[in-house]
Amino acid sequence: MAQPRRIVVIGGVAAGPKAASRARRVDPLAEITLIERDPVLSYAGCGLPYYVSGVVSERDDLMATPIGVLRDPAYFEKAKDIRVLPETEAVAIDRARRMVRVRSRQTGEERAIPYDKLILATGASAVVPPIPGIDLPNVLPMKRVEDADLLKTLLASEACQDVAIVGAGLIGLEMAEALHSCGRGVTLIERLPQILPFLDADMALLLHNYVVQQGVRVMTGAAVEAIEADASGRAARVVTDQGTVEAGAVIVGIGFRPNTSLAREAGLILGPQGGILVNQYMQTSDPDVYAAGDCTEKACVVRGTTCLLPLGSTANKEGRVAGTNAAGGHARFPGVVGTGAVKVFGWNVARTGLTEADSRRLGVKPACAIIAGPDRAHYYPEAKTIIVKLIADSVGRKLLGAQILGPGDAVKRIDVAATALTAGMGIDDIACLDLAYAPPYAPAMDPLITAADALRNALDGLVSYVFAAELEAMRQSGDGPFILDVRTPAEYQAGHIPGATLIPLGALRGRLREVPRDRPVVALCKTSLRAYEAARILSARGDSNISVLAGGMAAWPYDTEAG
């Protein structure tokens with residue numbers, strides 16, 4: 001009888017447990033060992049902000065199955081016949097002898113574990129900036145369950161009434177909401193000129209304004225110079241080049257770095273982004289060694305290059321492929337398109353594919369459209385607004401990316417866009433997708449389809465869009481265009497761009513003489529649909545220098561005046 005296949009998995013958070021569990025299902029006789037340096041296994045790191053806020057009330061819920069069974073070593077050993085070595089660190093890989101040397105973090109004892117197939121799921125670590133005070137006891141990342149436990153302890157203290165968050169990315173924004181809901185004052189400090197860098201600047205500014213409206217202080221373009229302690233030796237303030245922020249705790253969330261030292265020391269090839277290089281079967285440069293999760297580089301379907309994407313969803317998919325193949329099966333993971341989402345107070349924010357800025361950096365000339373509209377039939381009581389930005393190749397008309405935000409359902413539209421990107425679809429294809437329609441779920445023309453049609457109009461030369469930042473720059477230069485507001489008088493009085501002239505769309509044909517023909521004209525309305533009609537009316541009389549404000553007032557992030 002042949003010796004059972006020996007599979008060793010290093011890493012027990014997301015990709016590792018998934019790989020080990022899948023390997024067991026593929027090969028019921030394999031000897032599977034799961035090694036994890038920490039005491040906690042298979043936890044939902046993405047759920048930590050919701051545990052801090054109390055939305056997730058029980059700590060164990062982050063480590064339980066959907067039916068409430070705790071995923072501890074006993075669970076893996078009894079339910080899955082997987083041997084677990086918690087609080088055990090893998091310190092070296094001997095590829096020639098197919099051995100992993102491990103060390104107990106409790107006793108210091110070392111031993112060697114043989115393998116036929118090895119899976120690396122070593123994850124990623126939070127980036128720690130080299131600034132004075134970064135090692136103070138109440139300065140922490142938000143990566144592990146223990147980090148959330150410590151923060152909850154700090155929040156129980158009267159001394160922790162204000163929290164500074166360094167980094168306004170996904171984790172920073174989620175933690176801002178969590179801490180605000182706990183009644184704490186929150187300051188977000190971001191070195192880049194915008195929050196949430198996975199969005200374009202115009203969409204990020206809309207989100208920035210909304211976050212400030214919720215009572216969060218936001219500092220962009222701010223460099224942290226030091227974290228200063230009080231007399232007790234705990235962090236009390238963050239010093240930036242824009243001033244000092246008082247804080248009873250500091251969260252640092254400026255990104256993650258793949259844990260690759262074990263792979264590098266074993267002679268495995270790393271990719272250009274610093275992660276472990278794998279093929280579509282999740283094999284490393286050693287065909288007997290697989291890797292999955294945050295420690296690896298992913299093939300980016302849109303870019304045609306590799307990228308880093310530290311997400312639990314991707315880690316689980318890669319872990320399943322690695323476990324399948326390590327156990328003798330055949331599976332592949334073709335790559336990612338770069339999809340992500342985040343809930344920020346009452347807004348849903350999502351992105352997939354390339355941003356407009358990404359496209360330009362890659363040498364692609366992008367065409368863009370922004371529209372705003374209801375996520376359901378406008379007359380349905382629960383309808384809420386979303387703002388959609390689509391980016392396409394201006395030459396080949398292929399979709400490059402999408403960004404959607406607002407209180408309405410953004411995520412189901414971003415998932416459609418991600419599917420379209422994976423399939424290599426063009427804007428014309430997306431505009432004709434047979435999406436589900438019923439008033440409780442979507443308007444007759446879904447916002448994603450409306451955005452695709454808006455972009456088609458631009459590519460076909462039927463409309464020229466001007467974007468908010470461009471119009472504001474023209475206004476500030478003192479040489480701006482004639483701004484034609486075609487909304488109703490009530491909408492105009494509620495808030496309009498300073499200097500805009502009101503001519504409601506229904507009155508425009510009779511008041512054409514009021515619109516100058518010797519200067520550029522920018523038409524606008526609430527969402528840009530009426531403005532498009534106005535632009536077509538002006539084009540019909542022979543005007544050529546007519547633009548539409550993309551997204552209308554719903555996507556205008558700058559000052560307005562009322563009355």
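**Close-up 1. The largest cavity and its lining.** Helix α6 (residues 201-213) gives the most to the lining of the largest cavity, with three residues. Helices here are DSSP runs of H or I with at least four residues, strands are runs of E with at least two, and both are numbered from the N terminus. The model is a predicted one, in which local features need pLDDT of at least 70 and side-chain atom pairs count only at pLDDT 80 or more, while totals for chains, interfaces and linings use all residues. Residues are numbered from 1 along each chain as its sequence is written, and side-chain values use heavy atoms, with hydrogens and water left out. Lining this cavity are Asp202, Met203, Leu206, Ile370, Phe467, Ala468, Ala550, Ala555 and Pro557. The space inside comes to about 50 Å³, and there are two cavities of 30 Å³ or more. A cavity is a set of points, on a 1 Å grid over the protein atoms alone, where a 1.4 Å probe fits but cannot get out; a pocket is an open set with protein on both sides within 12 Å along at least five of seven lines, and lining residues have an atom within 4 Å of a point. Grid points are joined across faces, edges and corners, and a volume is the space filled by probe spheres set on the points.

**Close-up 2. The second largest pocket.** This pocket holds about 410 Å³ of space. Of its 20 lining residues, Ser313, Thr314, Lys317, Thr339 and Ala418 are the closest to the centre. At least two lining residues come from each of α8 (312-326), β21 (340-344) and α10 (411-422). Helix α10 supplies the largest share of the lining, five residues.

Close-up 3. Let's turn to the nonpolar side chains. The largest nonpolar core has 102 residues, of which Leu151, Leu179, Leu207, Leu390 and Leu484 touch the most other members. Such a core is a set of buried Ala, Val, Leu, Ile, Met, Phe, Trp, Tyr and Cys residues joined through side-chain atoms within 4.5 Å. Buried means under 20% relative accessible area, exposed over 50%, and partly exposed in between, using a 1.4 Å probe and protein chains only. Setting aside neighbours within four places in sequence, Leu390 has contacts (heavy atoms within 4.5 Å) that include Ala367, Cys368, Leu399, Ile427, Leu448 and Leu455. A second, separate core of 51 residues includes Val100, Leu118, Ala291 and Cys307.

**Close-up 4. The open parallel sheet.** Five strands pair in parallel in an open sheet with the order β26-β30-β29-β27-β28. β26 (465-466) and β28 (501-502) stand at the edges with a single partner strand each, so one side of each has no neighbour in the sheet. Pairing requires that DSSP finds at least two bridges between two strands. Strands β27 (residues 482-485) and β29 (residues 521-524) run parallel and are joined by four bridges. Look for Leu484, whose bridge partner in β29 is Ala523; Leu484 is also among the residues that touch the most other members of the largest nonpolar core.

**Close-up 5. Two hairpins that share β5.** Strand β4 (residues 88-94) runs antiparallel to β5 (residues 99-104), with six bridges joining them. Four residues lie between these strands in their hairpin, and Arg98 in the turn has a positive phi of about 55 degrees. β5 also pairs with β6 (residues 110-114) in the antiparallel sense, over five bridges. This hairpin has five residues between the strands, and Gly108 takes a positive phi near 80 degrees. Val102 is a handy landmark: it is the bridge partner of Ala90, and its own partner in β6 is Arg111.

Close-up 6. The structure holds 39 salt bridges, each a side-chain nitrogen of Lys or Arg within 4 Å of a carboxyl oxygen of Asp or Glu. In the pair Arg5 and Asp27, the closest N and O atoms are 2.5 Å apart. These residues link distant parts of the chain, 22 residues apart, with Arg5 in the segment before β1 (6-10) and Asp27 in the loop between α1 (15-26) and β2 (31-35). Arg5 counts as partly exposed at 29% relative accessibility, whereas Asp27 counts as buried at 12%. Glu472 and Arg475 form another salt bridge, at 2.7 Å between the closest N and O atoms. Because they sit three residues apart in helix α13 (residues 468-477), about one helical turn separates them. Glu472 is buried, at 13%, and Arg475 is partly exposed, at 23%. Elsewhere, salt bridges with shared partners join Arg37, Asp38, Arg105, Arg144 and Glu146 into one network.
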